[in-house]
Amino acid sequence: MIRILVRYSVLFVLTLLVLTALSFVLAYLFPGDVLVNLSGITPENEVQRDALVRQYRLDQSYLIQFWHYLQQLMNGNWGYSFTSGLPLREEVGLALPATIEISTYAMLMALFIGLPVGYYAGIRSYSLSDRTINSVSLISYSVPVFWLALVLILFFSLELGVAPLSGRISLMFDIPSVTGFILIDILLSEHIDHGLALRDALHHLLLPTLAIGTITTAAMIRITRRSVIDVLQKPYIAAARARGLSRPQIFVRHVMRNASLPILPLMAIQITTLITNAMIVETLFSWPGIGNWLIQAIYQRDYPALRIGMLAVSTLVISLTILVDMFNRMLDPGRERFERGAI
Amino acid sequence: MAMLDIKNLTLEINTGDSVIKALDKVSLSVNSGEIRALVGESGSGKSLIVSAISGVLPPQWRITADRMSWNGDNLLSMSVSQRREVMRRDIAVVFQNPLGAMDPSAPLGAQLEESIPNEFIRGTWFWQRSQQRRKIAISTMHKVGIKQHKRYIHAFPHQVSADIVQKFMIAMALVSQPKLLIADDPTRGMEPTTKTQVLKLFTRLNQTRALSILFVSHDLLAIASMSHSMTVLYAGQTVESGRMKHLRKRPLHPYTKALLDSAPSFRTNLPPKSSLPTLDGSIPTLQHMPIGCRLGPRCPRAQRACVSTPAVRRIHDHTYSCHFPLHMEKL
C-alpha cells in the first residue's frame, strides 16, 4: 500500500515538474518581452526593469531561472494579470473553485443517474428498454455541449422563464468568498437569508449543471452498460448460475463489483472531457469559472494569465486522474502490485 | 433407474448464414450410484453437453431433446426456479478452466461459503451463521486436500496456483452434498499426486455417499480405473456407450477401438519404438461436418452406407451406432 502511494506521488511530482517547465517555456514562446510575460508587470523605467530582471534571475542561466520560477510558484507569487493588475493567485483562487463546483455537481448527476440506468440497461441488454436507453444516451452523448446549453437557455430561461440566464447568484446577495464553493459560502456567510440565497444559487446552478451533466451521464450510462454486458458473458457468471444462485444474488455478489472495476479508469478519462465541457458552458452562462476567465485572457492577450491558467487546469486534471487511478489500484485485487503507475 | 436421462439431445447454433448442429442426437444416462465416463476428443462437444445439463447455454442456441430428465422431471420444461433448485441442491458442476469459472474479484473462501446451502446453517444471529459457514468451508477444504486453509481462504483466484483453484472448484461443487457431480476435466493441469488424490476422493464419495459422477475427460487411464460405464462421443454424435469392461474388451465401434488403441497403457503387446495406431486425418470443424456418420471419412471400415446416419442399436445395455461394427462374429 505504501509503495503504491510512493509510486503515485513520484509520478505526480514528475508530471507537475514537466508541466511547470512547459509553462516556464511559454513565457519565452509567447510574443513580447519575456520579463513581462513572466511577471505580468510592465516596467516603467530602466531602474524598475533592472530590479525585476534581478528578481526573476533573468540575468542568469535558464536552469537557475527555472529553479527560481519553481520557488516563486511554491511561495504563491504567480505573477500579475495584465488586464486587472491583480495577483494571478487570487484570480485563479476565485475562478477554479467555481469550475470544480459545477463539475462536481455534473459528476454527481452522472453517478446518481448514469450508474443505475446503466446497470439496468446492461441487465436487460438488447431488450426494448435497453435499446431506448441506449439510443437516448447516444443522442445526448453526441450533442455538442454549447448547442445544448444554448437550447437550454432558449427554452428554460427565455421561453419558460424558470431559470436565470447567467451568473452564479443574484446580485442582491453579497456572499464573501471563503471556500470558493457558492453553496458552502452561503452557509458560512452571515447577515443574509440562507434559505432564499440557497434557492437562488440552486436556480442559477440548474442549467449549467444540466448542460454538462447530460453528456457526462450519457457517457456513464454507455460505459456502465458495456461493462455489465461484458461481465454477464464471463464464465464465472455461468458457473454461478450453474450453482443455483438466484438472479439478484448473482447481480449483487458477482456482477456489480466486477462491472464497477473497469468503470473507474474509464471515468478518469472522462474527467478531461468533463472539465473541457464545463469551461465551454461557463462562457455561455457567464459563470465566473476558469474557462470563462481563460477566454477573457485569450481575448486580452493576457499572457501571464494564460500561462498560469494552463498550469492550474492541467494540474487539476492530472491530480484527479492520478487520484482515480490510485483508488482503482487499491480497490481492484486483480491488478498486480508491481504494475507501474500511469496517467 | 437412470437419474439423469438424456435422449437425442440436439444443439443447434445459428451462425447467421447457416445452422450448425453442434450436438447431433446425443444420448446419455447416469444411473444412481454410478460413475459414468464421457469420452471424446477436444471439440467433440463434451463441454457443450455439460453446459446444456447445467442450463447455462446462451439463450439464442436451440436445444431440443426427446427426453432430458432429472429423476423423472423434465429439465427442459420445468420452471426457472425449479431448475435453479435442482442445480442448487442435486446437481453440482466442476467446470473446465477453473480460473475462468471463479469470480476474480472475490476471495476464494467467500466464494466457497457462498455455495453452502442455507439449510446447512444453524444459528439465530448472523455472526453465529457466518462462523458456521466458515467452519463448513474449512472442513470441505481439508476434504478436497487443501491443507493450508489459512493461506488460501483469503486469497484471490489469480494469486494461487491453478490446481488449488481447481480444488476450490471441486470443494464448491461438493459442499452442497449433491446427488450428481458433473466433473468436466477436473484433473486438468494437476500434477500426478494431486490427481490421484482427487480421483480417490471421487471414488470414495461414490462408494460411501452413493454420489453419481459424470466424469468428462480424455484421460483414458483415469477413466478406466474408476468408472463403471462409458459413453464415447465423436464430433457431436454418441458413438458407443456401455459398461466399461465390455467396451474395453470388445469395442463394437471402430472409433472406440481406435481411441483405446491409441492409449499405450492398454496395449500389452506393443513392440518397442513402434508408432501408435491412429486414425488418419483430424476431427472436422463445426462448419464442415460430414453427412451421415461423422466418422465416415476417417473410418477404416467405411462403406457407401455410411453417408446415412446409423441408427442406435442395442445389445443388452451396450448401445452403438455403426453400420459395420467390429467383433460381431463373437456375439
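Contact here means heavy atoms within 4.5 Å. Helices (H or I, at least four residues) are DSSP runs, numbered from the N terminus. The model is predicted: local features need pLDDT of at least 70, side-chain atom pairs count only at pLDDT 80 or more, and totals for chains, interfaces and linings use all residues. Residues are numbered from 1 along each chain as its sequence is written, chains are lettered from A in the order in which they are written, and side-chain values use heavy atoms, with hydrogens and water left out.

View 1. What covers the buried residues of H7(A) includes helix H9 (194-232) and H11 of chain A. Those buried residues (under 20% relative accessible area, 1.4 Å probe, protein chains only) are Val145(A), Leu148(A), Ala149(A), Leu152(A), Ile153(A) and Ser157(A). Helix H7 spans residues 145-160, 16 residues in total, and reaches 21 Å from its first C-alpha to its last. This is close to the 22 Å expected at 1.5 Å a residue, the expected span being 1.5 Å times one less than the number of residues. After H7(A) comes Gly161(A), with a positive phi near 70°.

**View 2. The loop around Thr42 of chain A.** Thr42(A) lies in the loop between helix H2 (34-39) and helix H3 (46-55) of chain A. Thr42(A) has a relative accessible area of 52% and is therefore exposed, a term that applies over 50%. Leaving aside residues up to four places away in sequence, Thr42(A) touches Val36(A) and Gln48(A). Its C-alpha atom is separated by 9.7 Å from that of Leu52(A), ten residues apart along the chain.

**View 3. The area between chain A and chain B.** The contact takes 20 residues from chain A and 23 residues from chain B. About 1800 Å² is buried between the two chains, and carbon and sulfur atoms give 55% of this area. Buried area is the accessible area (1.4 Å probe) that two parts lose on being put together, summed over both. Ala242(A), Arg243(A) and Pro333(A) supply 33% of the area that chain A buries against chain B, more than any other three residues.

**View 4. A salt bridge between chain A and chain B.** The side chains of Arg253(A) and Glu114(B) form a salt bridge at 3.5 Å, N to O. The count between the two chains is three salt bridges, each a side-chain nitrogen of Lys or Arg within 4 Å of a carboxyl oxygen of Asp or Glu. Helix H10 (235-242) and helix H11 (247-285) of chain A each supply at least two residues of the side that touches chain B.
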